[in-house]
Amino acid sequence: MAPSPTGPLHIGTARTTLFNYLFARKNGGKFILRIEDTDKERSTKEFEQNILDGLSWLGLSYDELFRQSERTDIYVSYVKKMIENGSAFISKEEVKKEGDRPEVVRFRNPSKKIKFNDLVRGEVEFDTTELGDFVIAKSPEEPLYHLAVVVDDHEMGVTHVIRGEDHISNTPRQILIQEAIGAERPVYAHLPLILDSERKKLSKRKHGEAVWLDTYKKQNILPQALLNYLALLGWNPGTEQEIFSLDELIKSFSIEKIQKGGAIFDTKKLDWVNKEHVKLLPPKEQLELVARDYDSTLLPLDRLKIAWKDTSIEETKNHLLHVLNIMSNKEDMMEYAEKWGRGNVLWPLRYALSGKEKSPDPFTLIAILGIEESKKRVARAIELLK
RNA sequence: GGCCCUAUCGUCUAUCGGUUAGGACACAAGCUUUUCAAGCUUGGAAGCAGGGUUCGACUCCCUGUAGGGUCACCA
């Protein structure tokens with residue numbers, strides 16, 4: 001996996017990492033994390049840390065970690081070799097914009113057709129003529145992405161490259177460089193992209209926070225739930241199972257079941273997957289999650305939803321008034337509820353406390369909110385019924 | 001625009017030539033006195049179009065259409 005630390009961990013990067021992880025673990029391979037920070041202007045340590053933290057939160061552990069910024073010497077030796085054997089050359093350039101160099105290193109493009117077999121898409125063919133003699137280094141000491149990637153894959157013995165479909169057009173030029181330095185060609189698999197509701201690639205510019213992993217972390221989405229949902233975006237197990245642990249994903253994973261078309265990110269389904277994972281948690285942890293959810297939120301109450309079935313508003317109000325007394329005097333709530341009908345008493349109580357038709361039971365809510373806050377909320381509901 | 005990729009319910013998807021085209025999310029309606037972010041029942045909802053190939057195409061081929069990706073001295 002090869003993220004670039006030019007921004008916080010992107011949700012798409014998280015999914016690509018997951019697929020790489022699953023594939024490696026499934027096949028007993030090694031999972032390498034390579035920080036692609038050859039762009040000194042845009043890469044920062046903070047973003048790198050954010051990516052590392054995000055992966056650890058997700059529980060995606062890697063076997064080795066590299067930074068391209070620490071491997072410049074290796075790339076430089078390759079650039080020099082390539083210039084010597086004529087597969088690259090120093091080219092005089094017109095300076096068009098700020099930062100442009102008068103001289104760069106270009107790849108001598110043999111301009112031929114490149115065919116490769118993609119594990120997801122089958123045979124793909126490009127004519128590389130249109131690529132021209134593309135730039136592989138700003139100077140012999142400053143290698144660029146394509147060169148660094150190919151050298152690293154070669155040096156690290158990378159056998160499988162699983163990445164987003166937006167990289168598919170980068171593949172032919174990387175293959176060209178491989179052939180020039182005598183590197184073996186890895187197996188490629190290009191994943192379908194994650195799309196927004198308008199079927200456009202999820203981008204930081206258009207979608208802001210929705211693309212950062214941290215956003216979902218803040219929303220109390222469980223890491224295992226996010227992983228589960230991400231796996232289902234563009235992949236299916238071939239069975240009707242939908243809820244998976246990471247280990248189960250590893251067991252069921254197969255690259256043949258990856259979808260070709262892009263998939264829209266649906267937060268509703270994410271929420272459902274998350275809910276299913278919450279149910280799997282021990283009761284104590286569930287309670288902690290609930291607490292985080294209900295502490296601060298005060299939802300608007302709907303007058304019509306407070307009353308249970310066809311109980312009258314008047315009756316419901318009386319029950320709530322009693323409930324308020326019971327809370328103040330610490331009397332037995334269940335005794336009262338049994339007497340007047342559990343639904344008649346407990347439903348409006350729970351609704352008054354949570355503001356939701358579906359929520360934990362009222363006793364749990366009182367425990368979370370505290371007696372004072374609970375009383376305040378019940379009083380609020382009574383006020384509404386006047 | 002060139003090149004590349006893609007095309008089944010609103011969404012995620014199953015189907016690998018013969019199915020009443022299945023499931024899940026979401027939605028709608030209902031049931032359940034409700035310690036229920038539960039469960040259950042029911043419902044609506046799909047093969048982009050046109051040509052082939054074939055006894056038979058959602059499935060294979062071609063064309064069109066639509067959508068997407070990519071075209072840096074970023075990655």
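Reader: In what order do the strands of the open sheet of four strands stand, and is the pairing parallel or antiparallel?

Author: The structure is a predicted model, in which local features need pLDDT of at least 70 and side-chain atom pairs count only at pLDDT 80 or more, while totals for chains, interfaces and linings use all residues. Residues are numbered from 1 along each chain as its sequence is written, and chains are lettered from A and ligands numbered from 1 in the order in which they are written.

The order of the four strands in the open sheet is β3-β4-β7-β8, and their pairing is antiparallel. Helices (H or I, at least four residues) and strands (E, at least two) are DSSP runs numbered from the N terminus; two strands pair if DSSP finds at least two bridges between them. The edges are held by β3 (88–92) and β8, each with a single partner strand, so one side of each has no neighbour in the sheet. Between β3 and β4 (residues 103–107) there are five bridges, in the antiparallel sense. One of the pairs joins Lys92 to its bridge partner in β4, Glu103.

A helix, α3, packs on this sheet and touches β3, β4, β7 and β8. The direction of α3 makes about 85 degrees with that of β3. Here, axes are lines fitted to C-alpha atoms, for helices over the stretch in contact, and angles run from 0 to 180 degrees between N-to-C directions.

The helix α4 also belongs in this picture. Its buried residues are covered by elements that include α3 (72–85), β7, β8 (142–143), β9 (160–164) and α5 (171–181). Two residues are in contact if their C-beta atoms, placed from the backbone, lie within 7 Å. The buried residues themselves are Leu147, Ala148, Val149, Val150, Val151 and Asp153. A residue is buried if 20 or more other C-beta atoms lie within 10 Å of its own, exposed if 12 or fewer, and partly exposed in between, with C-beta atoms placed from the backbone.

The expected span of a helix is 1.5 Å times one less than its number of residues. Helix α4 has 12 residues (residues 145–156) and should therefore span 16 Å, which agrees with the 16 Å between its end C-alpha atoms. Just after α4, Gly157 takes a positive phi of about 70 degrees.

Asp153 counts as buried because it has 23 C-beta neighbours inside 10 Å. Apart from its neighbours within four places in sequence, Asp153 is in contact with Val158, Val161 and Pro186. By contrast, the C-alpha atoms of Asp153 and Thr239 are separated by 35 Å, and these residues are 86 apart along the chain.

Strand β5 (residues 113–118) pairs with β6 in the antiparallel sense over six bridges. Within this pairing, Lys113 has Asp127 as its bridge partner in β6, and Lys115 stands opposite Glu125. None of the six residues of β5 is buried, so β5 lies largely in the open. For β6, the number buried is likewise zero of six, so β6 too lies largely in the open.

A residue is near a molecule or strand if its C-beta atom, placed from the backbone, lies within 6 Å of it. RNA strand B is surrounded by 65 residues, the closest being Ser4, Glu36, Gly261, Gly341 and Gly343. Among the elements that give two or more residues to this surface are β6 (122–127), β7 (135–139), α14 (333–340) and α15 (342–354). The most comes from α15, with six residues. By class, the surface has 23 nonpolar, 16 polar and 26 charged residues. Ala, Val, Leu, Ile, Met, Phe, Trp, Tyr, Cys and Pro count as nonpolar, Asp, Glu, Lys and Arg as charged, and the others, Gly among them, as polar.
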